[in-house]
Amino acid sequence: MGNKHSLMLQDSDIKSIQADTGFSASQIERLYSRFTSLDKGNSGSLSREDFLRIPELAINPLGDRIVHAFFQDNTTSARRAPHTSDCWVNFKQFVRVLAHFRPIKRNQENKLNSREEKLRFAFKMYDLDDDGSITRDEVLAVLHMMVGENISEDQLISIAERTMLEADVDNNQMITFQEFCTILERTDVEQKMSIKFLK
């Protein structure tokens with residue numbers, strides 16, 4: 001039987017995570033408490049199924065894409081469960097993804113919560129095949145996830161095609177990250193992609 005005390009964070013871990021993510025020590029401790037409550041097996045890591053037990057993710061139309069983001073950057077560092085293809089995310093990896101949503105305060109921006117990294121995270125929500133570009137079909141698929149049956153197929157296709165017309169500046173039938181950033185130039189990404197974490 002696992003012992004949660006053996007998985008406790010050390011002061012050195014907290015300081016390292018603070019430097020990497022910009023979270024305060026108390027925020028890290030609260031996130032660790034949430035992480036351990038999701039870690040039903042007391043293994044010190046979370047699977048995709050653990051994330052899907054979070055009610056807010058389970059009901060979010062993009063929940064699966066958000067969960068995917070926790071594993072996306074960890075394909076080489078996340079450990080594989082024995083006899084399965086499922087990856088696991090440790091606490092440091094968990095907090096690094098959450099750091100993208102840390103509000104930007106004057107003189108407290110770090111690389112993970114910069115405007116560019118917030119945009120990169122949003123871009124990955126649409127880049128379903130992880131090839132570094134967004135196609136019309138990917139835009140359409142994400143629209144289907146977000147609105148389901150609430151809008152007709154013709155309307156969704158029209159939105160996807162209009163998005164491509166506006167964003168695909170070089171007309172190569174793909175939206176690059178740079179084109180994605182350009183189309184969102186006037187959008188307050190910092191505000192829209194920020195969560196107020198407890199102090």
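**Stop 1**

Select Asn-42. This residue sits in the loop between H2 and strand S1 (45-46). The model is predicted. Check the backbone of Asn-42: phi is near 50°, a positive value in a residue that is not glycine.

**Stop 1: the whole chain**

Zoom out and colour by secondary structure. The protein has 11 helices and 3 strands.

Now colour by accessibility. Of the 199 residues in the protein, 39% are buried.

**Stop 2: H2 against H6**

Select helix H2 (residues 25-38) together with H6. How close do the two axes come, and at what angle do they cross? They come within 11 Å and cross at roughly 120°. The crossing of H2 past H6 is right-handed.

Show side chains at this crossing. From H2, pick Ile-28, Leu-31, Tyr-32 and Phe-35. They meet Phe-91, Phe-94, Val-95 and Leu-98 of H6. Which residue classes make up this contact? There are 8 nonpolar residues, no polar ones and no charged ones.

**Stop 3: H1 against H6**

Select Asp-13 and Lys-92. They form a salt bridge, with the closest N and O atoms 3.7 Å apart. Asp-13 belongs to helix H1 (residues 11-21) and Lys-92 to helix H6 (residues 91-98), so this pair ties together parts that are 79 residues apart in sequence. Lys-92 has a relative accessibility of 40% and counts as partly exposed.

Next, select Asp-20 and Arg-96. Their side chains meet in a salt bridge at 2.7 Å, N to O. This pair also links distant parts of the chain: Asp-20 is in helix H1, Arg-96 is in helix H6, and 76 residues separate them. Are these two partners buried, exposed or in between? Asp-20, at 32% relative accessibility, is partly exposed. Arg-96 is partly exposed too, with a relative accessible area of 36%.

**Stop 5**

Select Glu-117 and Arg-120. Here is another salt bridge, and its closest N and O atoms are 3.6 Å apart.

Compare their accessibility. Glu-117 has 11% relative accessibility; the cut-off for buried is under 20%, so Glu-117 counts as buried. Arg-120 is partly exposed, with a relative accessible area of 27%. Salt bridges with shared partners join Glu-116, Glu-117 and Arg-120 into one network.

How many salt bridges are there in total? The count comes to 7.

**Stop 4: the annotated spans**

Bring in the record. An unreviewed UniProt entry places the feature "domain: EF-hand" at residues 26-61, 114-149 and 155-190.

Select residues 114-149. This span is 67% helix and 0% strand. Its end C-alpha atoms are 35 Å apart.

Then select residues 155-190. Here the figures are 61% helix and 0% strand. The end C-alpha atoms of this span lie 29 Å apart.

**Stop 5: the loop between H9 and H10**

Select Gln-173. This residue lies in the loop between helix H9 (153-167) and helix H10 (177-183). Gln-173 has 57% relative accessibility; exposed means over 50%, so Gln-173 counts as exposed.

Step back to Asn-172. The loop between H9 and H10 holds this residue as well. Asn-172 is partly exposed, with a relative accessible area of 31%.

Technical notes: Residues numbered from 1 in each chain as written. Predicted model: local features only at pLDDT ≥ 70, side-chain atom pairs only at ≥ 80, totals over all residues. Heavy atoms only, no water. Salt bridge = Lys/Arg side-chain N within 4 Å of Asp/Glu carboxyl O. Helix = DSSP H or I, 4+ residues; strand = E, 2+ residues; numbered from the N terminus. Buried < 20%, exposed > 50% of the residue type's maximum accessible area, 1.4 Å probe, protein only. UniProt positions renumbered as here; feature names shortened; annotations may be inferred. Axes fitted to C-alpha atoms, helices over the stretch in contact; angles between N-to-C directions. Left-handed = near helix turned anticlockwise from the far one by under 90°. Contact = heavy atoms within 4.5 Å. Nonpolar A, V, L, I, M, F, W, Y, C, P; charged D, E, K, R; others polar.
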